Amino acid sequence: MKIEIFEEAMCCATGVCGPSVKKELIQTTAIQRHVNADGENIIIRRNLTQNPEAFVRNHQINDLLKKYGITVLPITMVNGIIFKQRDYPTFQEFSDYLHQDLSRAFVR
């Protein structure tokens with residue numbers, strides 16, 4: 001299973017720096033580290049600042065950006081199919097996409 005998250009421009013790759021950190025970014029980073037550690041599935045986050053070429057190469061993402069602008073971000077793709085736009089997946093959505101219990105990655 002491959003999940004790609006195309007994110008708005010952020011100052012760092014995880015987006016968990018700066019004066020006001022969003023809890024959803026902390027949770028997404030925790031899930032990403034947990035999932036990527038098992039080696040079976042992968043979550044890749046593509047930051048507009050860090051990976052602009054990924055946004056251009058992916059025709060689905062590029063088309064959405066041309067149509068709606070950056071307000072469509074973040075966009076989540078699961079195995080090449082767009083599942084969510086304008087918001088990060090919830091904890092439950094990540095669990096559903098991956099068909100696994102992610103309780104060890106839950107941030108309190």
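**Sheet, helices and rings**

Visitor: What covers the buried residues of H3?

Guide: The elements covering them include E1, H2, E3 and E4. Please bear in mind that this is a predicted model.

Visitor: Which residues of H3 are the buried ones?

Guide: They are Ile 61, Asn 62, Leu 64 and Leu 65. Viewed down the axis of H3, these buried residues fall within an arc of 165°, so they line one face of the helix.

Visitor: Why might residues three or four places apart point the same way?

Guide: An α-helix has 3.6 residues a turn, so residues at that spacing point the same way.

Visitor: And which exposed residues are on the face of H3 turned away from its buried side?

Guide: That face carries His 59, Lys 66 and Lys 67, which are exposed.

Visitor: Do E1 and E2 run parallel or antiparallel, and how many bridges join them?

Guide: E1 and E2 run parallel and are joined by 6 bridges. One of the residues with a partner is Ile 3, whose bridge partner in E2 is Ile 43.

Visitor: How do E1 and E3 run, parallel or antiparallel?

Guide: Strand E1 (residues 2-7) and strand E3 (residues 75-78) run antiparallel, with 4 bridges between them. Ile 5 has Thr 76 as its bridge partner in E3, and Phe 6 has Ile 75.

Visitor: Is E1 enclosed or open, and how many of its residues are buried?

Guide: Of the 6 residues of E1, 5 are buried, so the strand is largely enclosed by the rest of the structure.

Visitor: Changing topic: how many aromatic pairs are there?

Guide: The count comes to 3 aromatic pairs.

Visitor: Are Phe 6 and Phe 55 buried or exposed?

Guide: Phe 6 has a relative accessible area of 1% and is therefore buried. Phe 55 is buried as well, at 2%.

Visitor: Why is the pair of Phe 83 and Tyr 97 called edge-to-face?

Guide: The ring centres of Phe 83 and Tyr 97 are 5.2 Å apart and the planes stand at 70°, so the pair is edge-to-face. The cut-off for that label is over 60 degrees. This pair also links distant parts of the chain: Phe 83 belongs to strand E4 and Tyr 97 to helix H4 (residues 91-98), 14 residues apart.

Visitor: How accessible are Phe 83 and Tyr 97?

Guide: Phe 83 counts as partly exposed because its relative accessibility is 45%. Tyr 97 is buried, at 11%.

Visitor: What sits over the ring of Tyr 68?

Guide: The charged end of Arg 86 sits over that ring, 5.1 Å from its centre. Arg 86 is found in the loop between E4 and H4. With a relative accessible area of 43%, Arg 86 is partly exposed.

Visitor: What is the phi of Arg 86?

Guide: Phi of Arg 86 is positive, about 70°, although the residue is not a glycine. Most residues other than glycine have a negative phi. His 99 also has a positive phi, near 55°. His 99 is in the segment after H4 and is exposed, at 67% relative accessible area.

Visitor: Finally, where is the cis peptide bond?

Guide: The cis bond joins Leu 73 and Pro 74, with omega about 0°. Pro 74 lies in the loop between H3 and E3. Most peptide bonds are trans.

Terms used:
Residues are numbered from 1 along each chain as its sequence is written. This is a predicted model: local features need pLDDT of at least 70, side-chain atom pairs count only at pLDDT 80 or more; totals for chains, interfaces and linings use all residues. Side-chain values use heavy atoms; hydrogens and water are left out. Two strands pair if DSSP finds at least two bridges between them. Helices (H or I, at least four residues) and strands (E, at least two) are DSSP runs, numbered from the N terminus. Rings of Phe, Tyr and Trp (its six-membered ring) pair if their centres lie within 6.5 Å; planes under 30 degrees apart count as stacked, over 60 as edge-to-face and the rest as tilted. Buried means under 20% relative accessible area, exposed over 50%, partly exposed in between (1.4 Å probe, protein chains only). A charge sits over a ring if NZ of Lys or CZ of Arg is within 6 Å of the ring centre and within 35 degrees of the ring normal. The arc is that of the directions from the helix axis to the C-beta atoms. Contact means heavy atoms within 4.5 Å.
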